[in-house]
Amino acid sequence: MEKYNPQAIEKKWQALWEREQTFRVTEDPRRDKFYLLVMFPYPSGRIHMGHVRNYAIGDLIARHQRLLGRNVLHPMGWDAFGMPAENAAIKQKTHPGRWTYANIEVMRRELKSMGLAYDWQREFATCDPVYAHREQELFLQLLDQGLVYRKLSLVNWDPVDQTVLANEQVIDGRGWRSGALIKRKELSQWFLRITAYAEELLADLAKLDGWPETVRTMQANWIGKSHGVEFAFQLDGHPATLPVYTTRPDTIMGVTFCSIAAEHPLAREVAAANPAAAAFVRECQAGGTSEEALERLEKKGFDTGLRALHPFTGAALPIYIANFVLMSYGTGAVMAVPAHDQRDFEFAKKHDIPIRVVIQPSGSPLDPDALTAAYTGPGVLVDSGPFDGLDNATAKERVAAAFQERGIGRATVNYRLRDWGISRQRYWGNPIPMIHCPRCGVVPVPREQLPVPLPEDVDLTVTGNPLEAHPAWKHCTCPTCGSAARRETDTMDTFVESSWYFLRYCGPDVPDAPLDRDRVNHWMPVDQYVGGIEHAVLHLLYARFFHKALRDLSWVRCDEPFTRLLTQGMVRKDTMRCPEHGWRYPNEVREDGGALRCADCGAVIAVGRNEKMSKSKHNVVDPNDLIAGYGADTARLFMLFAAPPERDLEWNESGVDGAWRFLNRLWRLVHEVLERAPGARPARAMPADRELRALRSRTHATIDKVGRDLERHQFNTGIAAVMELVNEGSQALAERPDPLEVEAAAILRELAETALLLLNPYVPHITEELWAALGGDGLLCNQTWPVADPEALVREQITIVVQVNGKLRARLQVAADLPEAELQAAALADAAVQAHLAGLTVRKVVVVPGRLVNVVAK
RNA sequence: GCGAAAGUGGCGGAACUGGUAGACGCCCUGGACUUAGGAUCCAGUGCCGCAAGGCGUGGGGGUUCGACUCCCCCCUUUCGCACCA
């Protein structure tokens with residue numbers, strides 16, 4: 001028997017699949033289609049373990065579906081615009097495009113070494129001129145639909161580098177390169193009106209029953225639909241009004257102050273006249289724009305001196321500028337009810353603002369002077385004039401009605417979801433095809449003048465946006481009036497590219513159009529989408545929105561792009577940090593007397609949190625080493641066996657050996673069957689011999705088990721089941737005479753062929769090789785998934801557990817069809833059970849058919 | 001801070017609908033074998049105990065004949081938070 005040599009085998013089959021275009025796919029009306037999509041990678045340089053996991057899972061499902069007879073679309077491409085390319089280009093003095101395409105070359109080769117069943121004919125990168133062109137076209141169509149607009153919004157501004165920073169580039173409120181304190185600055189930016197679809201995005205979550213509940217919940221919370229009341233305070237001695245939105249109109253009589261965002265028009269007005277207020281507003285503008293940063297701030301406020309008049313009592317309420325109020329949510333102003341909102345409570349305590357309890361819970365009444373926290377639960381209204389005595393749910397409606405009657409407010413629905421800001425002040429992205437003309441305003445680039453290409457000759461080292469600093473590119477003529485104009489220099493958020501790539505895969509070669517409607521409608525929706533849980537909200541919500549917008553432009557018919565979603569957990573590893581050199585790779589650390597030390601400076605290494613593998617944290621393991629050492633099959637098997645896909649996977653070297661050894665066991669089993677039963681035909685019926693009957697039952701129970709486990713995405717237990725089958729087959733071979741009797745040969749031949757078929761989607765190379773060794777007909781990956789023989793699944797004897805008061809006391813081997821009464825009698829007659837019942841009276845006997853008998857006694 | 005999850009032997013995990021806790025694999029221990037191999041095979045392997053037996057699924061409480069599974073409170077870890085992708 002030859003030794004298992006994965007490197008040689010894998011190369012051979014990969015070459016054959018490529019030569020024969022085995023996984024190339026076209027529309028086929030005779031077969032059910034199955035669209036299996038994996039999230040395409042950002043070409044960062046090399047594949048990492050997260051990719052290996054993602055693509056091993058996707059390939060498993062794709063190959064399984066192929067064996068089930070489906071016509072499977074399984075494409076791959078590159079999410080190729082983005083910041084890292086610019087950073088790398090500056091560092092390595094190259095061009096982002098060159099860096100990106102070089103990375104794609106490397107990563108394509110790496111992916112191919114995994115033996116993935118992709119239709120590579122459909123491959124594209126989102127930075128390809130064709131893709132960028134068609135995306136600009138779609139952008140203009142969205143513009144026509146009224147889904148694109150410009151407004152002011154906040155960015156992280158680095159005052160030293162004079163540039164906009166991404167949230168991840170702001171560390172503890174400072175710029176990552178300059179170290180300067182970051183300011184929030186307003187810029188005019190392009191937005192997509194995702195809020196126009198808020199209701200549909202929320203409602204359609206109910207249809208997505210193939211999605212994890214947790215993702216649907218996260219999206220629903222993100223959209224954040226709430227019912228409330230919108231009204232405007234009149235101000236005391238000031239012509240302006242202060243519109244607010246509240247979800248708690250029932251607490252209206254408990255309002256004792258208002259707070260407004262630092263960017264609120266009233267705040268600006270006050271700041272213009274009052275230096276102290278201006279200083280506070282400036283203070284509020286320090287730091288990054290991320291919601292997390294804002295929410296973690298120490299709550300601060302500044303009394304504007306302005307007074308809002310309570311809509312029902314006319315009481316004068318102070319208006320504070322507060323650093324925790326978001327201009328982007330609601331109206332940028334809130335009515336504050338300290339007794340019934342925790343944040344308002346803390347603020348009121350700090351600023352000595354009165355606290356008015358207006359909702360009393362049943363039971364002990366609240367004493368406003370003794371209150372240590374806001375009461376946010378249900379109750380009955382007090383001190384609320386005409387609303388006294390109402391329960392607060394009813395009060396919500398009554399107060400809303402009161403606002404409506406007086407014509408000063410109305411019940412409204414509000415969403416937490418904000419419109420999607422797609423402007424980026426960066427080079428390596430898709431240009432927004434708009435032109436600023438001093439006479440005509442902002443006008444779209446005419447369709448026939450598309451695409452707006454990125455200039456090749458660009459200086460990335462300038463401060464600010466490189467396109468802004470490229471006069472030849474920036475200056476143009478207005479398509480409407482012909483006067484001198486300038487191009488929009490913002491490029492698009494890369495989430496735009498990932499919002500329609502799955503549609504483009506359906507017909508990537510379509511001429512002169514973004515999409516091939518017929519082929520899109522043939523393949524869509526995606527039947528199974530596989531990707532990381534980190535995309536649960538943003539990417540998946542943007543893609544759903546974009547898809548719906550394209551549906552309304554008649555590019556696609558279905559309402560939702562992804563029917564089933566599998567979110568894989570992170571691949572994680574400990575992080576190691578040197579006080580001198582920062583994050584360290586495993587090979588930059590040595591062990592010294594129990595402590596880990598930096599290989600360069602010898603300082604003691606701090607072993608940090610176990611977290612998502614990422615280049616920036618240096619806690620990556622290179623899958624190429626794994627594949628080069630053990631082969632792709634071992635790498636794939638290990639990733640799929642180590643944990644169920646949804647769970648985070650803590651990287652651990654040991655365990656790879658287990659996968660390797662199992663493949664060797666499989667190798668030996670098949671070769672031994674071949675040698676000891678040459679020319680045997682697989683069994684097709686139950687044999688007479690009892691042991692062989694049990695063995696064949698095991699084969700078919702495994703078919704049943706693996707099939708069900710694949711359905712529920714429990715890949716690790718499916719592998720365990722085949723391991724058990726292979727172990728039993730090896731056992732049988734060890735115990736049987738050589739050469740095998742005819743009946744045994746048939747049973748073992750069936751077992752071996754079954755194991756190969758069941759494992760093929762997991763480990764495609766070794767199974768293909770062994771199938772060929774067995775003299776199998778054609779490619780294994782083109783065979784048909786096995787079906788369990790019902791006769792072989794019938795259990796004759798079963799084990800029944802007997803408990804006394806819930807504790808296990810005996811096991812009974814009984815016929816599967818033993819009547820309940822006889823089962824109960826047998827359980828009570830058991831010696832061990834009798835011993836535990838001594839001196840007790842049997843009160844009750846619980847019989848669970850096929851499982852257990854529980855005797856309850858006292 | 002807000003939203004969403006996860007926690008089971010020395011380790012990764014299994015237990016599908018409330019019904020045998022620890023399948024399968026790793027590690028480890030003892031033994032066999034020797035073409036000394038990335039070996040392989042056999043036996044053992046949750047904890048305490050000689051045993052009978054007791055204890056045991058992050059911690060505390062509850063529901064139930066019966067809880068890893070359901071409910072309440074707490075702890076720890078992870079993911080996301082709108083310019084990383």
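Predicted model: local features only at pLDDT ≥ 70, side-chain atom pairs only at ≥ 80, totals over all residues.

A polar contact is a pair of N or O atoms within 3.5 Å; within protein, one must be able to donate a hydrogen and the other to accept it, and residues adjacent in sequence count only if both atoms are side-chain atoms.

Residues are numbered from 1 along each chain as its sequence is written, chains are lettered from A and ligands numbered from 1 in the order in which they are written, and side-chain values use heavy atoms, with hydrogens and water left out.

**RNA strand B**

- RNA strand B is surrounded by 81 residues, of which Thr214, Arg426, Ala642, Arg811 and Asn854 are the closest; a residue is near the strand if one of its heavy atoms lies within 4 Å of it.
- Sugar or phosphate accounts for 65% of the atoms of RNA strand B within 4 Å of the protein, and bases for the rest.
- Arg418 places a backbone N or O atom 2.9 Å from a base nitrogen of RNA strand B.
- Helix α21 (residues 715-735) supplies the largest share of this surface, seven residues; helices (H or I, at least four residues) and strands (E, at least two) are DSSP runs, numbered from the N terminus.

**Asn854**

- Asn854, one of the closest residues to RNA strand B, lies in strand β35 (residues 852-857).
- Asn854 is buried, with a relative accessible area of 15%; buried means under 20%, exposed over 50%, and partly exposed in between (1.4 Å probe, protein chains only).
- A polar atom of the Asn854 side chain is 3.0 Å from the backbone nitrogen of Gly806.
- Not counting residues up to four places away in sequence, Asn854 touches Gln803, Val804, Asn805, Gly806, Lys844, Val845 and Val846; contact means heavy atoms within 4.5 Å.

**Nonpolar cores**

- The largest nonpolar core has 182 residues, and Tyr35, Tyr501, Phe502, Met524 and Leu550 touch the most other members; such a core is a set of buried Ala, Val, Leu, Ile, Met, Phe, Trp, Tyr and Cys residues joined through side-chain atoms within 4.5 Å.
- Helix α22 (residues 742-759) gives the most to this core, 12 residues.
- A second, separate core holds 59 residues, including Leu235, Ala278, Ala339 and Val358.

**Helix α20**

- Helix α20 (residues 690-711) has 22 residues and spans 32 Å from its first C-alpha to its last, close to the 32 Å expected at 1.5 Å a residue; the expected span is 1.5 Å times one less than the number of residues.
- Among the buried residues of α20 are Leu692, Arg696, His700 and Asp709.
- The buried residues of α20 pack against α2 (49-67), α21, α22 and α24 (790-793).
- Asp689 caps the N-terminal end of α20, with a side-chain oxygen 2.9 Å from the backbone nitrogen of Glu691.

**Arg487**

- Arg487 is found in strand β22 (residues 484-487).
- A polar atom of the Arg487 side chain is 3.3 Å from the backbone oxygen of Trp473.
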